[in-house]
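Here is a short report on one protein chain. Look through the sequence and the 3D view, then read on.

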Amino acid sequence: MVASGAALAQVVAIDVGHDAAHPGAMGAYGQPEFEYNRALAGVVDAQLRRAGWITTRIQDTGAGMPLEARVPRAVAAGAALLVSIHHDSVQPRYLESAQREGGERFRGYSLFVSRQNAQPEASLACARAVGAALQGAGFVPTVHHAEPIEGENRPWADAALGVYFYDGLRVLRTAPMPALLVEAGVIAHRDEARAAAHPAYQERFAAALARGLDACRPPPQNPPQASECPKRAPGNHLRPAASELARGSTALQP
């Protein structure tokens with residue numbers, strides 16, 4: 001879908017999870033999560049621009065950036081929406097089991113929102129829309145974050161669409177605009193780590209993510225009269241979730 005006209009233009013901040021000094025989870029073939037995140041974020045950026053969004057990428061150079069600096073960067077860019085791109089892993093007990101038994105237990109995407117976000121309903125609506133779009137593209141959610149074990153036990157926001165509540169995530173919690181965190185796949189799983197490094201997978205995932213986020217975009221409106229121009233906070237006018245209506249980098253390849 002290609003938008004036309006400045007009336008549709010909205011800024012979305014794409015937060016690239018982690019950095020070179022703190023690269024996140026380790027993939028099954030030795031590639032750190034940050035490399036997966038940066039590659040996918042680039043494809044997501046291109047997809048969103050094609051859909052008519054204005055994009056700003058946060059932390060894609062590898063240089064360190066503390067979590068507390070990320071939301072101010074999104075605010076300075078005028079972002080109406082913040083999306084944090086990550087890839088997933090499992091608890092150490094399962095990594096040890098996988099090495100022992102030669103298998104993996106969990107794979108799939110997951111989405112996180114914070115109930116402490118300034119706009120929790122809009123954040124959840126966007127996450128549901130993204131979950132619906134991902135499932136429409138053939139992706140399935142992972143359920144392991146809901147397990148009642150140490151390090152997990154995240155409450156479901158929408159189990160059918162793979163959306164969890166996670167109030168402890170600083171970027172989501174402190175953002176003044178709707179915000180969601182996307183775990184694009186479990187890279188501790190060997191098949192999923194291989195797939196997530198492939199450009200075709202990245203394009204399919206990014207296209208679905210862009211379709212979901214498009215449901216969060218305000219509809220075009222006629223410019224109001226000068227006397228009817230209240231100041232609006234970014235992202236205050238998101239549409240309901242789509243569910244309520246029914247890297248490209250080859251360097252990662254193992």
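Which residue in β6 stands opposite Leu111? Val163 in β6 does.

## Basis of the report

This is a predicted model, in which local features need pLDDT of at least 70 and side-chain atom pairs count only at pLDDT 80 or more, while totals for chains, interfaces and linings use all residues. Residues are numbered from 1 along each chain as its sequence is written, and side-chain values use heavy atoms, with hydrogens and water left out.

## Overall layout

The chain holds seven helices and seven strands. Helices (H or I, at least four residues) and strands (E, at least two) are DSSP runs, numbered from the N terminus. Along the sequence the pattern is β-α-β-α-β-α-β-α-β-β-α-β-α-α.

Of the 254 residues in the chain, 51% are buried. Buried means under 20% relative accessible area, exposed means over 50%, and partly exposed lies in between (1.4 Å probe, protein chains only).

## The sheet

Seven strands form an open sheet in the order β2-β1-β3-β7-β4-β6-β5, with mixed pairing. β2 (54-58) and β5 are the edge strands; each has a single partner strand, so one side of each lacks a neighbour in the sheet. From one strand to the next, the twist averages 30°. Two strands pair if DSSP finds at least two bridges between them. Strands of a sheet pair through backbone hydrogen bonds, either parallel or antiparallel.

β3 and β7 pair in the parallel sense, over six bridges. Asp88 stands opposite Val186 in β7. β4 joins β7 through three bridges, and these two strands run antiparallel. Here Leu111 stands opposite Val182 in β7. Three bridges also join β4 to β6, this time in parallel.

In a regular strand the side chains alternate between the two faces of the sheet. In β4, Ser110 and Phe112 point one way, Leu111 and Val113 point the other way, and all are buried.

What links α4 to a later part of the chain? Cys126 and Cys216 form a disulfide, with sulfur atoms 2.0 Å apart. The pair links distant parts of the chain: Cys126 is in α4 (residues 120-136), Cys216 is in the segment after α7 (199-214), and the two are 90 residues apart. Both cysteines, Cys126 and Cys216, are buried. A disulfide here is a pair of cysteine sulfur atoms within 2.5 Å. By this rule the count is one disulfide.

The 17 residues of α4 should span 24 Å at 1.5 Å a residue, and its end C-alpha atoms are 24 Å apart, which agrees. The expected span is 1.5 Å times one less than the number of residues. Buried residues of α4 include Ala122, Leu124, Cys126, Val130 and Leu134. Among the elements that cover the buried residues of α4 are β3 (81-88), β7 (179-186) and α7. Just after α4, Gly138 takes a positive phi of about 100°.

α7 lies across β3 and β7, running at about 155° to β7. Axes are lines fitted to C-alpha atoms, for helices over the stretch in contact, and angles run from 0 to 180 degrees between N-to-C directions.

The buried residues of α1 pack against β1 (11-16), β2, β3, β7, α6 (190-196) and α7. Among those buried residues are Phe34, Leu40, Val44 and Leu48.

## Nonpolar cores

A nonpolar core is a set of buried Ala, Val, Leu, Ile, Met, Phe, Trp, Tyr and Cys residues joined through side-chain atoms within 4.5 Å. The largest has 44 residues; of these, Leu81, Leu180 and Leu213 touch the most other members. A second, separate core of 16 residues includes Val71, Leu82, Leu172 and Ala179.

Leaving aside neighbours within four places in sequence, Leu180 is in contact (heavy atoms within 4.5 Å) with residues including Leu81, Phe112, Cys126, Val130 and Leu213.

## A loop residue

Is Gln116 buried or partly exposed? Gln116 has 49% relative accessibility, so it counts as partly exposed. Gln116 is found in the loop between β4 and α4. Leaving aside neighbours within four places in sequence, Gln116 is in contact with Asp167 and Arg173.
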